[in-house]
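Subject: Structure handover

Hello,

Here is the structure I promised to pass on. Please open it first, then read the notes below.

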Amino acid sequence: AQPAATPPPDRATASPSRTGADGSRFPLPTAEIERIAASVIAAAKAGGATAAETDVSQAVGQSVTVRRGEVETVAYNRDKGIGVTVYLGQRRGHASTADFSADAVQAAVGKALAIARYTAEDPAAGLADPDRLARDIPDLDLYDPWELAVEDAVALGCEAEAAALAVDRRLTNTEGATVAWNESEFVYANSHGFLGGYRSTRHHIDCSVIGDPGDGGVMQRDYWYTAGRGASDLQPASEVGRIAGERTVRRLGARKLGTVECPVLFEAPEAADLIGSFVGAVSGGALYRKSSFLLDSLGKQ
């Protein structure tokens, strides 16, 4: 196990402050994001669009990585973007920009309109019917900020890494542990009069270690992570490290099977990928474009 490290004295040790007008870390208040979304729709209508929709987003985050008990990276992100889709009858055009100025909004709308004018008509293109739009939107409790200073993130990363290396003496190296928080806000508006959005958070701790069997065998690596909306949803850092270490140890001495037909057991973390592949294959868009391997498979096993 590696001793916990203290960040160098010249390294920043505080998270981005909550300096927003509403006490958040976001650079813009929700009202301003909504105003921008409404301005995009207005510009699209003024440009001749028969229908339009836009999504406006902003995000902030912090990520701290430690390796071998030392701080490796401290990174901050602050992102924003506008996406606009316009319709000229059944013709569709899309453009985006990261510039929230009025001129940039106008330019993005102009590009989307130009694309639509040269796009073939698509009978399935258009907005959802007005009566299908939500009017009573519940609070799904997706926003739970994590007040985590850099030095506390470093301590958690070191805790995870130390717990991993303590599992077995054959765990001789590490690819590090990362502790990160992220906050984002999303607003959607369209020419049917809908305007709504939400804030959300997602935080995570991960750890990856390397094992050496010591007998000339193949070295192995594995990892574990925990992610959630709030810090209270996360597994303890020490548990993340322990599981990462145990998973790596189980790989030591692994061998390949020859070609064979046999039952296959997928571990639980693979479920999301497997289901995701299926959902993508049966999605309306993929079937409509005939780009799905499950095309014409309805009712078949």
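The chain exposes about 17100 Å², and carbon and sulfur atoms supply 53% of that area. Accessible areas come from the Shrake-Rupley method with a 1.4 Å probe; for residues, only the protein chains shown count as cover.

Before the rest, some ground rules. This is a predicted model: local features need pLDDT of at least 70, side-chain atom pairs count only at pLDDT 80 or more, and totals for chains, interfaces and linings use all residues. Residues are numbered from 1 along each chain as its sequence is written, and side-chain values use heavy atoms, with hydrogens and water left out.

Overall build

The chain holds six helices and six strands. These are DSSP runs, numbered from the N terminus: helices are H or I with at least four residues, strands are E with at least two. Their order along the sequence is α-β-β-β-α-α-β-β-β-α-α-α. The C-alpha trace spans about 70 × 60 × 35 Å along its principal axes. Of the 301 residues, 38% are buried (under 20% relative accessible area; exposed is over 50%, partly exposed in between; 1.4 Å probe, protein chains only). Contact means heavy atoms within 4.5 Å. Among contacts with a separation of 6 or more, 69% join residues 24 or more positions apart.

Strand E1

E1 covers residues 51-67. It is largely enclosed by the rest of the structure, because 13 of its 17 residues are buried. Two strands pair if DSSP finds at least two bridges between them. E1 pairs with E2 (residues 70-88) in the antiparallel sense, over 17 bridges. Val 56 has Ile 82 of E2 as its bridge partner. Two residues lie between the strands of this hairpin, and Arg 68 takes a positive phi near 55 degrees there. E1 also pairs with E4 (residues 171-190), again in the antiparallel sense, over 14 bridges. On that side, Val 60 stands opposite Glu 183.

Ala 160

Ala 160 sits in helix H3 (residues 150-165). Its relative accessibility is 0%, so Ala 160 counts as buried. Which residues does Ala 160 contact, leaving aside its neighbours within four places in sequence? They are Ala 177, Cys 207, Ala 237 and Gly 241. Ala 272 is 112 residues away from Ala 160 in sequence and 24 Å away in space, C-alpha to C-alpha.

Best wishes
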